[in-house]
Amino acid sequence: MARFFLTTYVMVWSFAVGAVQAEPSGESPPSVTLRTLIRGTSLEVQRYAESVLGTDVIRSTAEFLETVIRFLAEGAASGLNVIAVYVTEILRVTGFDASLTLPRFTPEGVTAVAQWGLIALIGYWVLTILLRLLIGVMRQVFWVVKTVLALWLFGLIVTDKNATADTTAVRLAVLVLGCVLLTLLTSGSAKSSAVEHRLSSLEGRVKAVEKRKGD
């Protein structure tokens with residue numbers, strides 16, 4: 001199941017970025033831009049997909065997706081043009097300038113918007129996963145640094161022969177208080193997000209129960 005989702009994601013990413021890759025570019029000097037980065041990533045993804053699924057499967061799947069998207073784009077463009085005509089008539093009846101009509105929608109424009117939207121959605125999903133992993137790693141690193149620093153300060157406080165017992169106790173109390181505050185500050189956001197998620201899930205269940213009772 002995981003492999004199926006991975007291969008499906010790879011095929012969708014390859015098809016979505018393929019349109020951006022196929023657009024003509026008037027820039028002659030090669031430079032590291034967002035376009036070249038997307039193009040290089042699409043090539044790597046396409047090579048990986050071909051190595052996993054095969055060239056014939058990728059080609060047939062891309063042709064099928066292109067046909068489906070063209071059919072949907074033509075239908076969406078026709079529907080949007082009909083809506084634009086009705087909106088123009090309504091504006092004309094209400095007294096607005098009829099010359100300011102809505103633009104005509106084309107299948108190519110709808111396809112381009114859908115492809116860019118798909119790329120943005122995939123990028124959002126990938127960045128969300130990467131940021132979650134990065135935040136998790138940073139929390140672990142911060143915990144290790146905090147532990148090492150606390151042990152080092154504890155060793156310095158305990159091995160100080162010139163300090164009295166009261167001074168040592170006060171220093172240890174300050175150290176413990178600082179560790180507790182850091183722990184609460186770092187774990188407060190995670191706990192609050194978990195509580196909010198549980199509350200939202202409970203609200204959804206309550207609404208579902210009330211809807212069932214009303215039916």
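Here "buried" means under 20% relative accessible area. Keep that cut-off handy for the exercises below, and remember that this is a predicted model.

**Exercise 1. Work out what the protein chain is built from, and how much of the chain is buried.**

Step 1: Count the elements. The protein chain has five helices and zero strands, so reading from the N terminus gives α-α-α-α-α.

Step 2: Look at burial. Of the 215 residues in the protein chain, 14% are buried.

Step 3: Check the surface. The accessible surface is about 16700 Å², and carbon and sulfur atoms own 70% of that.

Step 4: Look at the contacts. Taking those with a separation of 6 or more, 66% join residues 24 or more positions apart.

**Exercise 2. Describe how helix 3 and helix 4 cross, and name the residues that make the contact.**

Step 1: Two numbers are needed, because packed helices are described by the angle and the distance between their axes.

Step 2: The axes of helix 3 and helix 4 (residues 107-158) come within 8 Å and cross at roughly 115 degrees. That makes helix 3 roughly perpendicular to helix 4.

Step 3: The handedness of this crossing is right-handed. On the helix 3 side, Ile-69, Ala-73, Glu-74, Ala-76, Ala-77 and Leu-80 make the contact, and helix 4 brings Pro-107, Val-110 and Thr-111.

Step 4: Compare with the buried residues. Helix 3 buries Ile-58, Ala-73, Ala-77, Asn-81, Ala-84 and Thr-88. Those of helix 4 include Val-110, Thr-111, Ile-119 and Ala-150.

**Exercise 3. Decide whether Gln-115 is buried or exposed.**

Step 1: Gln-115 lies in helix 4.

Step 2: Apply the cut-off. Gln-115 has 16% relative accessibility, so it counts as buried.

Step 3: Look across to Ile-69. Gln-115 and Ile-69 are 46 residues apart in sequence, yet their C-alpha atoms are 9.6 Å apart in space.

Key:
Residues are numbered from 1 along each chain as its sequence is written. This is a predicted model: local features need pLDDT of at least 70, side-chain atom pairs count only at pLDDT 80 or more; totals for chains, interfaces and linings use all residues. Side-chain values use heavy atoms; hydrogens and water are left out. Helices (H or I, at least four residues) and strands (E, at least two) are DSSP runs, numbered from the N terminus. Buried means under 20% relative accessible area, exposed over 50%, partly exposed in between (1.4 Å probe, protein chains only). Contact means heavy atoms within 4.5 Å. Accessible areas come from the Shrake-Rupley method with a 1.4 Å probe; for residues, only the protein chains shown count as cover. Axes are lines fitted to C-alpha atoms, for helices over the stretch in contact, and angles run from 0 to 180 degrees between N-to-C directions. Angles under 35 degrees count as roughly parallel, over 145 as roughly antiparallel, 65 to 115 as roughly perpendicular and the rest as oblique. A crossing is left-handed if the near helix is turned anticlockwise from the far one by less than a right angle, and right-handed if clockwise.
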